[in-house]
Amino acid sequence: MKNTPSRRTSGSSLVMIIVNGEPMEWEEGMTVRDIIDGKRYVFPLLAVWVDHVPVPRDRFDDATVPDGSNVQIIHMISGG
Amino acid sequence: MEKMKVLAEWTYVPAKPFRGYTGKTLKVNVGDMTFQSKDVSEEMKEKFTGGRGFGLKLLWDSVKDTTRWDDPENEIVISGGPLCGVTQYPGMGKFYAVFVSPLTNQTYDSNAGGHFGPLLKFAGFDAIEVQGKAEKDVIVLVDADEKKVQILESPFDDVNAYTVTEALHEYFGKPGDINDRRFVSVVTAGKGAETSYWGCLNSSFWDSHRKLPRLKQAGRGGGGTILRDKKIAALVVKTHDLSGTANNPADVGTLTRLGAKLHNEILTLDAEQCRMRTVGTTHLNEIMNEYHLLPTMNYKFGQHPDADKIHSEVYGKMFTQGIADGCWYGCTMACAKAVDGFTLKTGPWKGRKITVDGPEYETAAGMGPNVGVFDPEWTTEVNFYADHYGLDTISLGTGIAFVCECYELGLINKEHTNGLDLRFGNKADILELLHRLGEGKDEFALMVGKGIHRMKDLFADHFGADRDVMERIGMEGQGIEVSEYVPKESIAQWGGYFLTLKGPQHDEAWLIFMDRVNKQLPTFEDKAEALHYFPNFRTWFSLTGVCKLPWNDIEPADNATSYPPQEAAKVPEHVQNYVEVFNAVTGKNIDKDELVLQSERVYNFQRVFQLRLGKGTRKYHNIPDRALGPVWADEWEAREEYYDNELKATGIDPAGLSSQDKCDRLLKKRREQWEELVDAVYKRRGWDKNGIPTVKKLKSLGMDLPEVVATVEKYAKPEDQW
Ligand code: SF4
């Protein structure tokens, strides 16, 4: 597990990840799907990178996200 | 129907398309009853590509600097483009209509599916220009089978779209052979288009499964109003010269290979991606609600607890399933969904069982939550009558939403509305207003149909309504209504809507996710880059006759894992497909940079065209407060924590401030950000501080045509250079 103290909230015992540039509380065993659900990202055309490594859509349910990760959840444009 | 009287006739030899072009355009003047065919030069193809580009070029040559929408020299130019009519690759049957708009008095372009664009080309013409004003109602017929173009006396007392379209498919189809009606396509407007500025153009296609004509709309900008101002009841094209290779492409093998790949992608992935094949664009209803982007009560809110009632699953149950609902042959995306066996509850066709085209997302949202209604049956009825009367459902939705808010704020009352109680959500009276718009007699409805821009004047002058309040809440830019996405949370989308060529329509850029959710555009320069790339890339669809939906409402399974995030959003494999399809049809050899260059040429030409018509400068890139942020306290309070954080991010402490104070302070900051955005975008686009393309920019694009440069030089000022 990666340990990136600078991404932890200062003065708190919480461990954090960064999702689309914003801090989010991390939990042991957290999957990409957990993050998507937690953020209420219901849009179907999502692309996910964890620390710049792409995660295929069929792995969202079981791909776990390490503490301190930088997660990008990109909504493709669609619409319009 | 009795035989129609021929008022004027011209015979011609239909030119066969070669490499996507027929090389001929047609001009019909219904005023002096004349016909003319022009050649398409290589230079015209090079600089304007086709479709909207041809439309703009032909319109430029036909109007004066002073031309207004209802002058006889104004035209409707319809052109498909070199890829229009391809059947191997999905989504290649669109046409673009170009005209000087009644809403904006500058050029507008609006696209429609249906079969008119492809059939026009196969009847021998890359474009049709319609000019002049007839004395009484006429029909313009392009009949490639009989090798003639005719102006016919219209037999219709009722010019509404379904009446005219059904009759003309029957009249021009072979008697006794209902399937022959597929060789006919009709463009109509309707009675509502005559008296409002929201007139749409309905383009038909014969639905062989349902055995009836369907209608797709070039909804925006008031093209239907011009059609009726010219006293044209319908444009008709007829040809049996129809085949999968009628475009005479250079390389049919490549078209087939690329098409097969995309068909397969759609058939295997659509069900888990956007579900276009089952629910069409209504899949966006619940998504927009979840992200606070669903326009609710005149864009005050982006979310509503009743949004479940308009969920795509509800619409999916209403749409007939299992029919290939493509609006042109070969479109496996098949999103042109329809509600069959729908019994109308109101209006002139009350009690009749009909088929309704749609609703699509923008109609479901605009004539739904935006007017405070969460009832798909009601929206479906509205959808039918709007098409029938020839009214744009988007302007209708945003326009009536504005009326409802004016009513609730007490700016107008029941006396002004001739007895209608136009509170948000009052279904019966809002529908009655639509019927009055369709009839074109009621004075209040006539005011409404002129669009928000003019309603502000009319309500102030006639009813003493507060002009300043209306300026703040009227969701229009350059004279046209916003197209049903809440823009206030995305700085980039302010530009996507309000730094556009023709007003807030979402065909140039839809950047809300990139900007607000993905956080991919953190600086003004990043936003400007996106507001340079996407409008230019997306313009290309309009030059070639291509539907945008198969570009990004479906994506290859590995799109997300094959490219870095910024690139993946462009769906690079599909962009490459378009490059190859273009080359396979035309025999040319462009790459993806040349594709954007083709667009950028026309994009800048259109900007100069607006300038020529007295618009096209910075002051016309106006944005209302409601598009920038919450205007009233209740909007703030609906998302208090979110907006408090937004205010904090600007350096203002919300503690102790009233909600109204907070709104005003945030808006002040956002206006400053807007000006910063405008500067960044103009710079990136190669325009001066006043939004005028520089001569240097035009030269770099090869668009330094003498009359274009002369227009720029007439208006550009030294003090506006960077
Ligand atoms: S994607 Fe939909 S709108 Fe586009 S061409 Fe296909 S059926 Fe028509």
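Begin by selecting B:Glu484, which counts as buried because its relative accessibility is 0%; buried here means under 20% relative accessible area, exposed over 50% and partly exposed in between, with a 1.4 Å probe and protein chains only. The model is a predicted one, in which local features need pLDDT of at least 70 and side-chain atom pairs count only at pLDDT 80 or more, while totals for chains, interfaces and linings use all residues. Residues are numbered from 1 along each chain as its sequence is written, chains are lettered from A and ligands numbered from 1 in the order in which they are written, and side-chain values use heavy atoms, with hydrogens and water left out.

**Around B:Glu484 and helix 18.** B:Glu484 sits in the loop between strand 17 (480-481) and helix 18 of chain B; helices (H or I, at least four residues) and strands (E, at least two) are DSSP runs numbered from the N terminus. Although B:Glu484 is not a glycine, its phi is positive, at about 75°. Most residues other than glycine have a negative phi, and most peptide bonds are trans.

Now select residues 491-498 of chain B, which form helix 18, and notice that eight of its eight residues are buried. They are B:Ile491, B:Ala492, B:Gln493, B:Trp494, B:Gly495, B:Gly496, B:Tyr497 and B:Phe498. What covers them? The cover includes strand 16 (476-477), helix 19 (512-517), helix 20, helix 26 (625-628) and helix 29 of chain B, where contact means heavy atoms within 4.5 Å.

**Helix 20 against helix 29.** Axes are lines fitted to C-alpha atoms, for helices over the stretch in contact, and angles run from 0 to 180 degrees between N-to-C directions. On the helix 20 side, B:Phe524, B:Lys527, B:Ala528, B:Glu529, B:Leu531, B:His532 and B:Pro535 take part, and they meet B:Gln673, B:Glu676, B:Leu677, B:Ala680, B:Val681, B:Arg684 and B:Arg685 of helix 29 of chain B.

Continue to B:Thr694, in the loop between helix 29 and helix 30 (695-701) of chain B. Leaving aside neighbours within four places in sequence, B:Thr694 is in contact with B:Gly686, B:Trp687, B:Asp688 and B:Gln721.

Select residues 252-269 of chain B, the 18 residues of helix 7. Its buried residues are B:Thr254, B:Leu255, B:Leu258, B:Gly259, B:Leu262, B:His263, B:Glu265, B:Ile266 and B:Leu269. Viewed down the axis of helix 7 of chain B, these buried residues fall within an arc of 160°, so they line one face of the helix; the arc is that of the directions from the helix axis to the C-beta atoms. They pack against helix 8 (276-279), helix 21 (549-552) and helix 24 (572-586) of chain B.

From helix 24 of chain B, move to helix 25 (residues 592-612) of chain B, which packs on it at an angle of about 80°, with the axes 9 Å apart. The two helices are therefore roughly perpendicular to each other. B:Val575, B:Tyr578, B:Val579 and B:Phe582 of helix 24 of chain B make the contact with B:Lys592, B:Leu595 and B:Gln598 of helix 25 of chain B.

Which kind of peptide bond joins B:Gly358 and B:Pro359? The bond is cis, with omega about 0°, and B:Pro359 lies in the loop between strand 15 (353-357) and helix 11 (361-366) of chain B. Among the residues in contact with B:Pro359 is B:Thr379, which belongs to helix 12 (residues 376-389) of chain B and is buried at 0% relative accessibility. Beyond its neighbours within four places in sequence, B:Thr379 also touches B:Tyr315, B:Thr363, B:Ala364, B:Met367 and B:Gly368.

**B:Ala334.** In the loop between helix 10 (312-318) and strand 14 (338-343) of chain B, select B:Ala334. Its phi is near 45°, a positive value in a residue other than glycine, and B:Ala334 is buried, with a relative accessible area of 5%.

**Chain A.** Finish with chain A, which has one helix and five strands, running β-β-α-β-β-β from the N terminus on. Buried residues make up 48% of its 80 residues.

Key. Expected span 1.5 Å × (residues − 1). Parallel < 35°, antiparallel > 145°, perpendicular 65-115°, else oblique.
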